[in-house]
Amino acid sequence: MKPHLLWWLALLPLVLAACVTLDDYRFADGTLDGERLYQRRCSTCHDTFERQDYPTAEWPTYVERYGPRAGLNPEARAAVLRYLTKQ
Ligand code: HEC
């Protein structure tokens with residue numbers, strides 16, 4: 001087997017684990033519950049802020065800055081951002 005194949009096999013459990021964790025946050029239609037993700041994942045380092053605490057235009061910056069630190073992949077970040085910028 002080629003070395004790079006082994007590398008992907010080694011990563012597979014991590015990838016699967018990430019999917020399983022996100023499944024806890026899915027609605028029946030498969031979309032992610034951004035509100036619950038935000039409340040659970042963005043509260044590990046500090047209390048969550050209210051949506052009104054920052055202008056809608058600033059939330060994308062914060063979600064990109066802190067989303068990865070909260071272990072959120074791009075799909076999860078998009079869901080959190082949808083929640084934070086919902087009027
Ligand atoms: C790994 C720890 C950690 C996680 C997880 C985390 N944050 Fe933070 N957050 C910080 C720290 C540290 C600061 C303070 C930064 C500073 O004062 O320079 C902060 C500050 C903020 C601020 C204030 C604006 C700023 O940048 O100072 C916002 C808004 C914010 N976080 C949003 C979020 C959101 C949204 C999430 C989830 C996607 C999140 N945070 C998850 C560590 C974290």
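**Helices, contacts and a ligand**

Mentor: Start with Asp-23, which counts as exposed because 10 C-beta neighbours lie inside 10 Å of this residue. Keep in mind that this is a predicted model.

Trainee: Where is Asp-23 found?

Mentor: Asp-23 is found in helix H1, which covers residues 3-23.

Trainee: Let me back up. How many helices and strands does the protein chain have?

Mentor: The protein chain has 4 helices and 0 strands. Read from the N terminus on, its elements run α-α-α-α.

Trainee: What share of the residues is buried?

Mentor: Buried residues make up 16% of the 87 residues in the protein chain.

Trainee: Now the helix pairs. At what angle do H3 and H4 pack?

Mentor: Helix H3 is residues 59-66 and helix H4 is residues 74-84; they pack at an angle of about 150 degrees, with their axes 10 Å apart. Angles over 145 degrees count as roughly antiparallel, so H3 and H4 are roughly antiparallel to each other. The crossing in which H3 passes H4 is right-handed.

Trainee: Which residues meet there?

Mentor: From H3 there are Trp-59, Pro-60, Val-63 and Glu-64, and from H4 there are Arg-77, Val-80, Leu-81 and Leu-84. The residues of this contact of H3 with H4 divide into 6 nonpolar, no polar and 2 charged.

Trainee: Arg-77 is in that list. Is it buried or exposed?

Mentor: Arg-77, which lies in helix H4, counts as buried because 20 C-beta neighbours lie inside 10 Å. The cut-off for buried is 20 or more.

Trainee: What is Arg-77 in contact with, leaving aside its neighbours within four places in sequence?

Mentor: With those left aside, Arg-77 is in contact with Val-63, Glu-64, Gly-67 and Leu-72. Take Glu-64 as one case: Arg-77 and Glu-64 are 13 residues apart in sequence, and 7.4 Å apart in space from C-alpha to C-alpha.

Trainee: OK, next pair. How do the axes of H2 and H4 cross?

Mentor: Helix H2 is residues 34-41, and its axis and that of H4 come within 7 Å and cross at roughly 100 degrees. Angles of 65 to 115 degrees count as roughly perpendicular, so H2 and H4 are roughly perpendicular to each other.

Trainee: Which residues meet in that one?

Mentor: Gly-34, Glu-35, Leu-37 and Tyr-38 in H2 meet Ala-76, Ala-79, Val-80, Arg-82, Tyr-83 and Leu-84 in H4. The contact of H2 with H4 divides into 7 nonpolar residues, 1 polar and 2 charged.

Trainee: How far apart are Val-80 and Tyr-38?

Mentor: Val-80 and Tyr-38 are 42 residues apart in sequence, and 5.8 Å apart in space, C-alpha to C-alpha.

Trainee: And Arg-82, how does that one count?

Mentor: Arg-82, also found in helix H4, counts as partly exposed because 14 C-beta neighbours lie inside 10 Å. The C-alpha atoms of Arg-82 and Asp-33 are separated by 9.5 Å, and the two are 49 residues apart along the chain.

Trainee: Last topic, the ligand. Which residues come nearest?

Mentor: Of the 15 residues around the ligand, Cys-42, Cys-45, Tyr-66, Arg-69 and Ala-70 come nearest.

Trainee: Which helix gives the most to that shell?

Mentor: Helix H3 does, with 3 residues.

Trainee: How do the residues of the shell divide?

Mentor: The shell around the ligand has 10 nonpolar residues, 3 polar and 2 charged.

How values were computed. Residues numbered from 1 in each chain as written. Predicted model: local features only at pLDDT ≥ 70, side-chain atom pairs only at ≥ 80, totals over all residues. Near = placed C-beta within 6 Å. Helix = DSSP H or I, 4+ residues; strand = E, 2+ residues; numbered from the N terminus. Nonpolar A, V, L, I, M, F, W, Y, C, P; charged D, E, K, R; others polar. Axes fitted to C-alpha atoms, helices over the stretch in contact; angles between N-to-C directions. Parallel < 35°, antiparallel > 145°, perpendicular 65-115°, else oblique. Left-handed = near helix turned anticlockwise from the far one by under 90°. Contact = placed C-beta atoms within 7 Å. Buried ≥ 20, exposed ≤ 12 C-beta atoms within 10 Å, placed from the backbone.
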